[in-house]
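Here are some questions and answers for a first look at this structure. Please keep the sequence and the 3D view at hand.

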Amino acid sequence: MNSQLVTLLIPVTGIIALLYAFYRARWISRQDPGTETMVEIAAAISRGARAFLRREYRVLFFFVLVVAALLFFANWQERTMNGEVVNSPLLAVSFLAGALCSALAGFIGMMVATKANVRTTHAARTGLAPALNMAFSGGLVMGLSVVGLGILGLGLLFLAYDSLADWTPLRVVNVIASYSLGASSIALFARVGGGIYTKAADVGADLAGKVYEGIPEDDPRNPATIADNVGDNVGDVAGMGADLFESYVGSIIGTMVLGTGFLTAYEGLDLPAGTLAPVLLPLVLAGAGILVSVTGSFAVRTKEGGSPQKALNMGEFGASAIMVVVAFLVIRWMLPASWTATTPIVGEFTYTSMGVFWAVLIGLAAGVMIGLSTEYFTSTHTRPTLEIARQSITGPATNIISGLGVGMLSAGIPALILAMAIIGAHAFAGLYGVAIAAVGMLSVTGIQLAVDAYGPISDNAGGIAEMAKLPPEVRSRTDKLDAVGNTTAAIGKGFAIGSAALTALALFAAFMQQAGMETINVAAPHILAGLLIGAVLPYVFSAMAIAAVGRASSDMITEVGRQFNEIPGLREGTASAEYAKCVDISTAAAIREMILPGLLALAVPVVVGFINKDMLGGLLAGVTVSGVLFAIFQSNAGGAWDNAKKRIESGMDISGKTLAKGTEAHKAAVAGDTVGDPLKDTSGPSLNILIKLIAVVALVIAPLIA
């Protein structure tokens with residue numbers, strides 16, 4: 001088997017993922033959606049989600065065309081590096097393909113999620129096990145759509161460009177790099193726009209319902225409840241899907257770029273997979289990870305009365321264990337036992353196939369450990385969230401202070417894990433090892449994202465059960481799924497942040513190689529200035545996102561209050577709320593407010609890079625370190641506040657005091673959760689994409705500024 005046959009097989013794994021996703025989606029569609037009332041509620045949620053995506057994609061369509069045109073004309077003139085042409089106007093084609101695949105993955109996942117939610121509710125009428133199966137199936141379609149489209153797009157582009165006459169592997173990989181830029185652009189707007197939408201609705205529903213009117217957020221009398229349920233889909237399904245799609249392709253591309261540095265050392269070697277092995281290895285590992293994710297999905301099963309968390313862990317961790325074995329076999333087959341190569345940044349280094357394998361294993365282990373750390377700081381039954389719940393007894397101020405402390409402390413362990421992972425991966429395989437560690441962490445993205453998307457589907461199922469006034473045992477079952485979903489969502493966010501850090505480092509190293517930078521001297525004025533600009537960007541970006549949520553939430557609360565005051569019988573439940581007006585408020589705010597943060601992320605690295613390429617290197621270092629830690633703090637603080645509220649709602653006794661819904665402690669916990677909501681679902685997750693987008697912009701413009 002040679003490299004040509006390997007490149008032909010890579011897109012096949014993407015097709016397999018999409019075919020299995022289609023099979024699961026068809027199975028979901030054939031299941032009973034429940035009563036007429038349930039169907040009407042689900043239809044309203046689906047209409048709201050589609051309306052948002054239509055308006056968002058309409059705006060992004062023109063943005064994508066403008067950027068594609070700029071890439072086309074900026075790369076019209078050929079540029080060389082070490083005598084090789086490294087660019088082409090076809091960068092615009094790669095960008096368009098990345099944007100299209102990212103948008104399509106989010107659309108498919110969200111459409112299936114809005115079908116799976118009501119069917120999960122109906123399945124919960126008969127038992128917990130069928131409800132778990134339905135919710136996970138909906139998430140699995142999202143996960144497999146992301147990895148399937150990601151690997152299919154990359155594989156087809158590589159096949160197309162590699163077949164062009166006189167194109168060297170370096171030129172092929174450089175032109176493919178803008179595929180990640182297209183994915184990053186869509187991901188950032190999807191994350192920011194979806195996050196603003198969902199939190200404007202969620203905060204409005206929480207405060208207007210629970211605090212001001214004393215009714216549940218999912219009560220059909222609450223005008224914001226449909227918008228809240230729509231937000232779960234556009235933010236936590238489409239948004240998270242776009243986020244991990246970008247990490248997935250970004251880590252692969254960063255490793256492929258670094259792999260081109262080995263090609264001279266591979267000349268004359270007789271390798272089973274051909275001399276392009278270090279370039280193709282991340283693609284092959286990703287393709288193998290798709291098959292492993294499909295296999296792991298069969299392990300997500302539970303008996304009635306069993307633990308949904310254990311079932312999901314069995315699939316996720318089981319897939320990771322299988323991936324270790326598969327990665328070992330693939331790496332030993334594709335790479336030579338050892339080889340020596342000289343690269344500008346690392347210098348002369350002796351690499352081994354086992355060293356590359358250990359780097360992949362380090363990436364996988366780091367992802368699992370960051371997830372477990374996130375689970376500890378955000379789970380409903382661990383000390384940090386119980387302490388926040390305890391502090392709620394004395395009011396909102398102590399609840400918020402405690403949550404801030406938990407969020408800050410939670411950044412420590414992931415930072416140490418990432419630091420050790422970087423050092424370990426580099427010791428085994430240099431910068432290529434750091435990049436391949438990111439691929440290892442993301443190799444089972446298919447099932448990881450399935451577990452993550454399961455959360456908002458379960459949350460929607462509970463909302464539909466409440467609005468349809470189903471028996472209490474149905475809501476009890478969906479609440480059990482939702483409680484697990486909150487934990488899986490928090491773990492997913494931790495996983496996304498960890499993968500973003502390693503992906504950004506891979507892209508950073510690739511940028512340095514393409515820009516001809518061997519070192520970054522932090523004492524140099526331009527680099528120090530870049531460090532400061534990069535470090536402050538996550539704060540400015542987060543401020544924009546949080547302020548947008550605040551403005552939109554205020555509009556939402558005002559609208560909910562107007563409806564309660566002006567619609568006779570709404571409080572009593574004898575009249576219907578005007579749900580569409582609340583949906584429109586969230587949609588308009590999200591579309592309006594997502595533009596400026598997105599343009600900031602795209603424009604700053606371009607401007608800084610053309611001022612001074614070393615300054616851009618400093619900016620990349622600053623935004624990566626600052627962004628990763630700030631994202632962990634925001635996501636974990638928000639998750640801990642949310643689950644502390646849920647812990648109180650489930651009932652708990654502290655020092656002779658009974659905490660439950662309606663108590664002063666519960667109102668304090670709702671206030672804390674309201675503060676945490678935009679942190680964990682808008683600004684925090686968006687920082688993952690910010691640091692990756694800035695890194696990939698730097699990589700794409702590297703030939704222009706080298």
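**Helices, patches and a loop**

Q: How far apart are the end C-alpha atoms of helix H4 (residues 128–162)?
A: This is a predicted model. Helix H4 has 35 residues, and at 1.5 Å a residue it should span 51 Å. The distance between its end C-alpha atoms agrees with that: 50 Å.

Q: Is helix H4 largely enclosed or largely open?
A: A residue counts as buried under 20% relative accessible area. By that cut-off 29 of the 35 residues of H4 are buried, so the helix is largely enclosed by the rest of the structure.

Q: Which helix gives the largest share of the nonpolar surface patch?
A: The patch is formed by Leu5, Leu8, Leu9, Val12, Ile16 and Leu291, with about 470 Å² of accessible area together. One of these, Val12, is in helix H1 and is partly exposed, at a relative accessible area of 39%. The largest share of the patch is 5 residues, and they come from helix H1 (residues 3–30).

Q: In which helix does Arg58 lie?
A: Arg58 belongs to a surface patch of positive charge, where it gathers with Arg47, Arg50 and Arg54. Its place is in residues 36–74, which is helix H2.

Q: What is the phi of Lys469?
A: Lys469 sits in the loop between helix H14 (445–467) and helix H15 (472–515). Lys469 is exposed, with a relative accessible area of 66%. Although Lys469 is not a glycine, its phi is positive, at about 55°.

Technical notes
Residues numbered from 1 in each chain as written. Predicted model: local features only at pLDDT ≥ 70, side-chain atom pairs only at ≥ 80, totals over all residues. Heavy atoms only, no water. Patch = residues over 30% accessible without salt bridge, like charges linked within 9 Å, V, L, I, M, F, W, Y side chains within 5 Å. Areas by Shrake-Rupley, 256 points an atom, 1.4 Å probe, with all protein chains shown as cover. Salt bridge = Lys/Arg side-chain N within 4 Å of Asp/Glu carboxyl O. Lys, Arg positive; Asp, Glu negative; His and termini not counted. Charge placed at Lys NZ, Arg CZ, Asp CG, Glu CD. Helix = DSSP H or I, 4+ residues; strand = E, 2+ residues; numbered from the N terminus. Expected span 1.5 Å × (residues − 1). Buried < 20%, exposed > 50% of the residue type's maximum accessible area, 1.4 Å probe, protein only.
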